Amino acid sequence: MRIGVDVGGTNTDAVLIAERRVVASTKQPTSPDVSTGVTAAIGAILADAGVSAGQVSAVMIGTTHFTNALVERERLDRVGIIRLASPSGEALPPLTGWPEALARQLEGATFLLPGGYEVDGREISALDEGAVRAAALDCRAQGIRSIAVSCAFAPINAAMEDRAAQIIADAHPDASISLSHSVGRLGLIERENGTILNAALATLARHVVTSLERALAQLGITAPLYISQNDGTLISAADAARYPVLTIGSGPTNSMRGAAFLTGVDDGIVMDVGGTTCDIGVLANGYPRESSIAVDIGGVRTNFRMPDILAIGLGGGTRIHVGASGDEVTIGPDSVGFRLTQDACLFGGSTLTASDVAVAAGKADFGDAGRIPSLTPSLKSAILDRIATMLADGIDRMKTQPGDATIIAVGGGHFLIDDDLKGAARVVRPDHASVANAVGAAIAQIGAQAERIVDYDAEPRATALEQMREMLLARVAAAGATPESVEIVDMDEVFLSYLPGRSAQLRMKAVGSLADDMKRADAPLSETPHVY
Amino acid sequence: MYIDHATELQDLARGAAFLGSGGGGDPYYSLLLAEAALARRGRFELIPLSEVADDALLAPCGWIGAPTVSVEKLPNGGEAVTGLRRLEEIMGKRIDAVLPIEIGGGNGLAPFIAAAELGIPVVDCDGMGRAFPESQMAIFNIRGLSACPSVLTAADGSLSVIETGDNLTHERIARALAVSLGGIAHMVEYPLSGAEAKAHAVPGSVSAAIAVGRAIREARAVGVDPFDALGQALEATGLYPHCLSLFDGKIVDLERETRGGFSVGKVTIDGFGGGGRMEIEFQNENLVAESDGKILAMVPDIITVMDRDTADTITTEKLKYGQRVKVIAAASPAILRDPHALSFVGPRAFGMEFDFAAVETLNLTEKA
C-alpha cells in the first residue's frame with residue numbers, strides 16, 4: 001500500500017492507495033513546520049482505513065514548501081558560487097539578470113575559474129584544481145556552507161563538476177555541494193540560476209526532509225520516503241535533501257497525473273476549474289505535455305520542465321456582469337475568488353457569479369438558490385452559452401489531435417463543464433478529485449533524463465539513440481525501478497542551426513515503476529516515443 | 001538618441017527577435033550582455049545614419065555560429081574589442097562607430113558591448129534588415145562591397161584575420177573557423193565608410209526594432225492586442241511598410257532534419273475551430289508560409305511565429321508541439337526586393353523553385 005501526500009500552502013492532503021484504488025483520503029491544515037500536518041494527515045488515513053504502519057510500502061510527498069521559501073525569500077543560505085568556464089562567460093557573471101535584493105541576499109562569494117567543455121567535447125580550459133581548492137577554503141573561512149558549481153556543457157560531460165565536488169568536499173567537509181548537471185539542461189545561465197537556488201535551499205531542505213523522516217518514524221512507518229519532482233517522477237528523500245529545487249513545480253504535474261490515474265484516461269485534457277480560473281492541460285501517455293516557456297521562480301529565470309497549462313479566466317467565483325439593458329453579458333475576468341461563500345448571491349452576498357448561474361440552471365446544488373436574482377431564460381442561456389464557448393475555446397486551443405478529446409473535469413467548479421461540451425468526446429468526473437495532487441504523488445514513478453549534442457557524421461544516429469536509451473534504462477533501474485518496467489517516454493531532437501554538418505541536440509526521458517506492491521502504476525505507455 | 005534604460009534594450013531585444021524571422025537566436029543572452037554594458041557605460045548613443053560623416057570608418061559586428069552553442073559557451077566580453085582594435089591597426093584608422101551586421105535575433109544587440117568598451121556610438125542601421133544565415137547575404141555583398149579585412153575572435157583571445165578575393169570564400173572560411181573555435185565566434189566584417197553605409201545599409205532598423213519592442217511592451221501593459229500594436233509600429237517605421245497577421249492556431253506537427261548541411265524543417269499549424277492549416281518551411285529562419293496550397297509569404301519578407309498570448313517570438317529551434325501561436329509576416333525593406341538583391345536573398349537563393357512575390361500582393365489577392 002502506498003501513501004501519497006500533497007503539502008500545499010493551505011491544506012495537506014493524504015491518500016492511501018491499495019491495488020490501484022483510493023482506500024482512504026483526508027485534508028488537514030498545513031502546519032508551519034510541514035511535518036506536524038503530514039503526521040496528522042497520514043495518521044488520519046491509517047486510522048480511517050484500519051491499516052497498520054507496517055503495511056505501508058512507500059510514502060510519496062509533493063510539497064510547495066521550497067517554492068514558497070524562494071518566493072518569500074526566507075530561510076535561504078548564502079551561496080558560494082563557482083563557475084568552471086573561464087575565459088568564456090566572464091562577460092556574464094553569475095546572478096546576472098537577478099532581482100538585486102535576492103542576488104545580494106544569496107551571494108556569498110563568486111569564483112569564475114578555468115574549466116568547462118566545448119560543444120565537441122574538448123576542454124575550454126583545464127580544471128585548475130588548486131583554484132577550486134582555494135575557493136572552497138575561502139568559502140569555509142567566510143562561513144559559507146552552500147556551494148553551487150556550474151560548468152559549461154556539464155549536462156553533456158559531468159566529469160569536471162564531479163572532480164570539483166571531490167576537491168571541495170576535501171577542503172570544506174561541512175559544505176553542501178550543488179552540481180549544475182544534476183539540476184538542469186543546456187543553457188548555462190538558467191542552469192546555474194537553478195543550481196544557485198538549489199544551494200540556497202540546502203539547510204532548509206535537510207531540515208524538512210529530516211523532519212519528514214522523523215514524522216514517518218514516529219508513525220512507525222519504515223517504508224522508503226520519496227519526494228515528487230517537477231516532471232511527475234520521484235526522487236529519494238536523500239536526493240531531495242540535496243536537490244530540493246527539482247521538486248518545486250510538482251503541484252500541477254501531480255494534479256494532472258492524479259486525474260489520469262483516477263479516471264484511467266492516459267490521453268486527454270484535464271480541466272481544473274477553481275474559483276478564479278480554469279487550468280487546462282494536456283495528458284499524453286499519462287504525463288502532462290511540457291511547456292517550452294522559460295520558468296521564472298522568485299524573479300529568477302530557469303529552464304526547468306513544467307507542464308503546459310492554459311489558464312482561462314473562468315471559475316466558480318467568476319463575476320457575471322449584466323449590462324444596463326439586461327442583455328449585454330460579460331463573463332469575468334474578475335472573480336470573488338476565495339470570498340465566494342460570502343460574496344456570491346447564493347451565499348447571501350450581492351455579487352452574481354458563475355456558481356449562481358450554474359445553480360439557478362440546475363447544474364449544481366449548493367448554497368441557497370432562493371437568494372439568486374431571477375434571470376430571464378434568454379439571459380440565463382446567453383450566460384451559459386458564453387461560459388460553454390469559453391471552455392470549448394480552451395479545449396480547442398490545447399488539443400493537437402483531430403477529433404473530440406476526452407475531458408477530465410476536476411476542481412471545485414467542475415460543474416461548469418457540461419457533459420455535451422463542444423470538443424468533448426466525453427466528460428469524466430473522477431471521485432476523489434479534490435485530492436488528485438496526493439494521488440498523483442502516490443502513483444509516481446522513477447524517472448531519469450539525459451541530454452547530448454551528437455554529431456551524426458561522427459556517430460551514427462541509431463548508435464547514439466541506442467546508447468542514450470541503454471544509459472537511461474540503467475539509471476532508472478539503479479534508482480529503484482523494476483528493470484522490465486522501464487521505458488522511454490519522451491524524446492526530442494533539434495538540429496543545430498547555423499552550423500554545417502549534422503549535429504543535433506538530443507534529449508530523452510525514461511520512467512519505470514517502483515518494485516513495491518503496485519504492479520504497474522500506470523497503463524502501458526506507448527512503445528514508440530514521439531519524435532519532434 | 002540615447003539609450004539610457006535597460007527597458008529600451010529589452011524593447012530592442014523583443015523587436016530584434018521579431019525581425020529575425022525565426023532565426024538569429026533568442027536574444028536573451030545578448031540582452032543580458034548589453035544590460036551589463038549599459039550598467040558600466042551609463043548610456044549608449046544611437047546616431048541616425050544620415051548624421052555619420054562620409055569619411056567615417058564604420059564596423060559591422062556580430063556573432064557567427066550556433067545559438068544552441070552560445071547558451072553554454074558564453075562570451076568572455078573581450079571578443080568584440082579585440083577584433084575592432086585589430087581592424088583599426090589594419091585600416092590604420094580609428095573606428096568611429098559600430099552597427100549590427102544583422103538586426104534580426106541576438107546580433108541586433110551585438111554592437112552594444114563594443115560601443116561600451118570603445119566609447120563610440122552605434123549607428124541606426126544594419127546589413128540585413130532581418131536575419132540571414134550567411135555572411136554573403138548581407139546587403140553590403142549584394143552591393144559589391146568586400147567583407148574583408150574581417151576579424152574573427154573567440155573567448156580564449158584567439159584572433160584570425162580573413163582576407164579573401166570574394167565574399168563567398170570569406171563566408172566559408174569564417175564558418176569553418178567558427179566551428180573550430182567551438183561553434184561560436186565574434187566577427188567584424190565589411191568595414192565601410194560613412195558614405196558607403198549611407199548608400200547601402202538598411203537605415204533605421206535599430207530604432208525600428210526598438211519601436212516594435214516598445215509597442216508590444218506597452219500594449220501588454222495596458223491589455224490591448226500586442227499584435228495590432230506591433231503591426232502599427234512596424235508600418236509606421238516606413239522601413240517595413242506592410243505587416244499582416246497570417247494565421248492563428250496551434251502547432252500540430254513538427255519535422256526537423258538536416259539537408260545540405262543545414263538545419264531544415266517544417267512546422268504545421270492548425271487553425272482554431274477547424275480554421276484551416278498553415279505550413280511553414282524553415283532553414284534556420286522561416287522561409288515560406290503556405291496555407292491550403294497557397295503561398296502567403298516568402299523570403300526575404302519576414303515570417304515570424306509568435307506566442308499568441310504574450311507576442312514573444314519563438315525561434316525555429318524553440319518551436320514545439322502544442323504551442324499556441326500567431327504567424328506574423330512583414331514586408332522586407334525595399335532594398336532587399338530588387339531583382340539583383342533577390343538573386344542573393346530571394347526564394348531561389350534558398351533552393352526554392354519559384355520567384356519572389358511580395359507578402360502584401362499575395363494577401364491582397366487572397367482578400368479580393
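**View 1. Domain 1 and domain 3 of chain A.** The centres of domain 1 of chain A and domain 3 of chain A, taken over C-alpha atoms, are 30 Å apart. The model is predicted: local features need pLDDT of at least 70, side-chain atom pairs count only at pLDDT 80 or more, and totals for chains, interfaces and linings use all residues. Residues are numbered from 1 along each chain as its sequence is written, while chains are lettered from A and ligands numbered from 1 in the order in which they are written.

**View 2. The domains of chain A.** Chain A is assigned domain 1 (2-69 + 206-248), domain 2 (77-200), domain 3 (273-282 + 291-437) and domain 4 (444-512). These bounds come from an automatic or database domain assignment.

**View 3. Contacts between domain 1 and domain 3 of chain A.** Contact joins 9 residues of domain 1 of chain A to 7 residues of domain 3 of chain A; two residues are in contact if their C-beta atoms, placed from the backbone, lie within 7 Å. On the side of domain 1 of chain A that touches domain 3 of chain A, two or more residues each come from β2 (11-18) and β3 (21-29) of chain A. Strands (E, at least two residues) and helices (H or I, at least four) are DSSP runs, numbered from the N terminus.

**View 4. The fold of chain A.** Chain A has 14 helices and 23 strands. Its C-alpha atoms fill a box of roughly 80 × 60 × 50 Å, taken along the principal axes. Of the contacts in chain A with a separation of 6 or more, 67% are between residues 24 or more positions apart.
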